[in-house]
Amino acid sequence: MSRILPEPVVGLFSSEVLEVYRALKAIPDDDVTVWVSLPLPEAADRPQFLAVVANRLAFLIAVSGAGQSEVEEAAGLSLF
């Protein structure tokens, strides 16, 4: 299983963030470490997770509550 820090997580998180948290925690690879950002009101625009794989690859993961239509609209606007 992946390693999550801090464990247990502290604070109030949206349902979308908790869903991603559960998915990251369920990764069966021991080489994955995930750091969870504390939910601070003044830092709402930062990524919620930093995942490091085998101490070689790092991924910043930001979670959005946007729906499918909002994503498609935003993606379409970026084409022009």
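## A leucine to start with

Is leucine 38 buried, partly exposed or exposed? In this predicted model, leucine 38 has a relative accessible area of 45%. Buried would mean under 20% and exposed over 50%, so leucine 38 counts as partly exposed.

To find leucine 38, look in the loop between strand 2 and strand 3. Together with Val10 and Leu40, Leu38 forms a nonpolar patch on the surface. The accessible area of Val10, Leu38 and Leu40 together is about 260 Å².

## Inside the fold

The largest nonpolar core is made up of 11 residues. Among them are Ile4, Phe13, Tyr21, Leu24 and Ala51, along with several valines, including Val32, Val34 and Val36. Which elements each supply at least two residues of this core? They are helix 1 (15-25), strand 2 (32-36) and strand 3 (49-53).

Leaving aside residues up to four places away in sequence, valine 63 touches Glu16, Val17, Val20, Gln48 and Phe49.

## How the strands pair

Follow the strands next. Strand 2 pairs with strand 3 in the antiparallel sense, over five bridges. One example is threonine 33, whose bridge partner in strand 3 is valine 52.

Strand 3 also pairs with strand 4 (residues 57-61), again in the antiparallel sense and over five bridges. Here phenylalanine 49 has isoleucine 61 of strand 4 as its bridge partner.

## One salt bridge

How many salt bridges does a search of the whole structure find? The search finds one. Lysine 25 forms this salt bridge with glutamate 7, and their closest N and O atoms are 3.2 Å apart. Lysine 25 lies in helix 1, while glutamate 7 sits in the loop between strand 1 (3-5) and helix 1, so the pair ties together parts that are 18 residues apart in sequence.

Definitions and conventions
Residues are numbered from 1 along each chain as its sequence is written. This is a predicted model: local features need pLDDT of at least 70, side-chain atom pairs count only at pLDDT 80 or more; totals for chains, interfaces and linings use all residues. Side-chain values use heavy atoms; hydrogens and water are left out. A nonpolar core is a set of buried Ala, Val, Leu, Ile, Met, Phe, Trp, Tyr and Cys residues joined through side-chain atoms within 4.5 Å. Buried means under 20% relative accessible area, exposed over 50%, partly exposed in between (1.4 Å probe, protein chains only). Helices (H or I, at least four residues) and strands (E, at least two) are DSSP runs, numbered from the N terminus. Contact means heavy atoms within 4.5 Å. Patches are made of residues with over 30% relative accessible area and no salt bridge: like charges are joined within 9 Å, nonpolar side chains (Val, Leu, Ile, Met, Phe, Trp, Tyr) within 5 Å. Accessible areas come from the Shrake-Rupley method with a 1.4 Å probe; for residues, only the protein chains shown count as cover. A salt bridge is a side-chain nitrogen of Lys or Arg within 4 Å of a carboxyl oxygen of Asp or Glu. Two strands pair if DSSP finds at least two bridges between them.
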